[in-house]
Amino acid sequence: MVSRATAQPASEKSTENSMSVDGNSCIEVSDLNLYYGTFRAVADVNMTIPRHKATALIGASGCGKSTFLRSLNRMHELVPGARAEGTVELDGEDVYAPTVDPVAVRRRVGMVFQAPNPFPTMSIYDNVAAGLKLNRSKIKKSDLDDVVERSLRGANLWEEVKDRLGKSGMGLSGGQQQRLCIARAIAVEPEVLLMDEPASALDPISTLAIEDLVQELKQNYTIVIVTHNMQQASRASDITGFFNIDGAGQPGRLIEMDRTDKIFTNPANKATEDYVSGRFG
Amino acid sequence: MRVTLQEDLDQLEASLQEEGELTRRALRGALNALDQQDEELADEVIAFDDEVDACYLRIESGIQSLLARQAPAALDLRTVLAVLHVNLHLERMADYCVTVAKLTKLVAGVPPDQTIVDAFEEMGERAEEMIRVALESFAARDVERAESLVDLDELIDRANRRAVKQVIASGGDEERREWGLRMILVSRCLERIGDHAVDIGEQTAFLVSGEFREFTDASH
Amino acid sequence: MEIAAQALPRNRRVPSWGPWAVYAVALVLVVVLSRATDLNVALLAVVGAILAGAAVYLWSRALEGSRRAVDRAATLAVTSSFVVALVPLVSLLVTVIRRGAERFDVTFFTHSLRNVVGEGGGAVHAIVGTIIITGAAAVVSIPIGILTAVYLREYGRGKLAAAVTFFVDVTAGIPSIVAGLFAYALFALFLGPGIRLGIIGSVALAVLMIPIIVRSTEEILRIVPNSLREASYALGVPKWKTIVRVVLPTALGGIITGVMLAIARVVGETAPLLVTTGLITSVNTNPFAGRMMNLSVFAYFQYKTPGVPPEPYLARAWAAALTLIIIVLVLYFVARLVSLRYGRTEIQR
């Protein structure tokens, strides 16, 4: 009979984000509260997002995970009346410090959205180069070519489009368009890539292609994915954070955050357990 | 929510309890056949194993289907894994009962040493009790009760060692010695049945806590 | 069951040539009766159409059941309304083409009325004037209109935006003569009464064009999906650059269409130009000095104050009207082509 090595004794269940992952942290969130006017949408989030790993944020609709994601690159400020209290430290610098320009933050923390949104008036080449061309005035054509190729390779799209870089991006399929958006985002070499439900508008094959891509991308970038598809979170991420909301009108909170395999085999919190096993509600 | 998943899980556990009941009957039959030197009963026990195997395969296939379709997570996942292991242990226990029945047939006709046979009856009753406790504590998710299986197993282990010593001491002619050797094997079977019951208890603890650990160090 | 008998169409059908035969018969009757009697042709046509429709309805009802019959009657009613709506337009076009063709010649397009009395002459001064006045109006109103729309859509929040929207809406409804008077009064303040310049007309037309451009540009900016702006912001592109390099190019087709429609709207305005640009018989290419003629005022005056005999003047008026219509049609078609061509790269559904 097989004798199994004795495992660690049953540890006490902690409700903090018990991170037994190695690797330094890339983003430290402390006491983050997000408001739309007087309404508090997200409350008291403390979170460590480790470098070069894929972190997934899951939770029911309306529990603030997208709002939280957008606060990491100050995109939630685009909604009038939105504000943040607390700190979000990117490599030790608080992105909400008064002297920090939100535009500069977004060059370091890129974002990919739910529905693919390539610029319709630009070719594939111009789409990928858009971040560079719009931000810096003079770049040599050869440098730009290198960046475009590197980014398209990084997004696993180069082979499919290398012969039609001059054509419009709108002629690609949904999955290809989304990879084009990823290429566009990584062309500016951000440190962090935020993905807001990147595959929810795609068919299952394209979804798996995006998930495989995330595994490759995390070697060079820190990835944070918001997803309402639990299987995607379990397949594609190393760390998972679970957001929940107490009731209508209440703010969303981070309930539990831990290694993905732990969240999906033995979560510490009952609410997490209910959610991942689908016994929610 | 997840009504189908819950129904499937309940169905699997019900089948498991049914299999446990079949295993207990097999053990009772094997012990009776040994005690009464009844070859016919022994043959029935051997044939009865087909029913246990059928139950085992049904549960196996149910688990496979559930994993493929339902993608269980957290507690549900651990439940399925625990059912998978308990299923294996029950089937092995039933196989040991078949071994006991076969050994009974081999020594039929040889006058037994009653003290040893009585010791086996006691060991057998203990083993039966362990099966019952293991399955009840699994159904009730009662970890304390599952851990009590260790003490029960200790008794069987001791009885096993005693039986071995007794057989060595009784000696005798070739027929006698052959009978003794076979009886040591029977004793070993009963002791292994006890071990598998403890294993079932460990699965109960895994299901509840999420961590697998052995109740005792298995080296002795 | 009764309901079934009513609802289900019967198997026999009115033959496809049937209704056409009825209309043809009705047409023939109308023509014959209008020739034979003194009855008004239009009245006969209307009565004929109604009777023909009733005949088709009854025939269909008898053969096909009431549902199909009602269907045919409705089709007929809709088609006749369409025809009725078309009649004035067709009539107008036919009349203008017929009458305007008389002077639609090279002389008309190469000569002005300088030293011309009676026959001959042309409207080149009016054509040049229309182009210059409308062109200057466009040069003024396009930037103002587009930038206002950009402000309202992309930046505007709060009271200022609300006020601007309100004033744009009010200005959109100004009668064109009021715009003309406003422009005249403005220039008269600085340059004294009786002033007549091409540029004053341009200002008046600009006042009319700006609200149109603002509204259509605003509409097209609204259609540009927010996801494009977000994609640009997420790349770390500042807001103004996003607007200039992403939003406006995407909206370009719609903006151009809106501008062309605004031009088409004002190119034929008469009232504001009457009070601002004055009358002149020769070509003037300087909007800042002297009077300037334009096509609509030219047509008006040729009609209003013809000399003796009046025929050449009227002929010139019709030709000018025809030229105006052609200019407007060309502008509309170009707008259509632009929106079709840019529609490919524009917002996809």
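User: In this predicted model, how are helix 8 of chain C and helix 9 of chain C oriented to each other?
Analyst: Helix 8 covers residues 176-191 of chain C, and helix 9 covers residues 198-223 of chain C. Their axes come within 8 Å and cross at roughly 135°. An angle over 145 degrees would count as roughly antiparallel, and 65 to 115 as roughly perpendicular. The two helices are therefore oblique.

User: Is the crossing of helix 8 of chain C and helix 9 of chain C left-handed or right-handed?
Analyst: Two packed helices are described by the angle between their axes and the distance between the axes. For helix 8 of chain C and helix 9 of chain C, the crossing is right-handed.

User: What is the radius of gyration of chain B?
Analyst: Chain B has seven helices and zero strands. The globule rule gives 17 Å for 220 residues, and chain B comes close to that, so it is as compact as a globular protein of that length. Its radius of gyration is 19 Å.

User: Over which residues of chain A is the pLDDT below 50?
Analyst: Chain A averages a pLDDT of 88, and 91% of the residues score at least 70. The stretch below 50 has 30 contacts in the model beyond near neighbours in sequence. That stretch is residues 1-22 of chain A.

How values were computed. Residues are numbered from 1 along each chain as its sequence is written. Chains are lettered from A and ligands numbered from 1 in the order in which they are written. This is a predicted model: local features need pLDDT of at least 70, side-chain atom pairs count only at pLDDT 80 or more; totals for chains, interfaces and linings use all residues. Axes are lines fitted to C-alpha atoms, for helices over the stretch in contact, and angles run from 0 to 180 degrees between N-to-C directions. Helices (H or I, at least four residues) and strands (E, at least two) are DSSP runs, numbered from the N terminus. Angles under 35 degrees count as roughly parallel, over 145 as roughly antiparallel, 65 to 115 as roughly perpendicular and the rest as oblique. A crossing is left-handed if the near helix is turned anticlockwise from the far one by less than a right angle, and right-handed if clockwise. pLDDT is the predictor's confidence in each residue, from 0 to 100. Two residues are in contact if their C-beta atoms, placed from the backbone, lie within 7 Å. The radius of gyration is taken over C-alpha atoms; the globule rule is 2.2 Å times the number of residues to the power 0.38.
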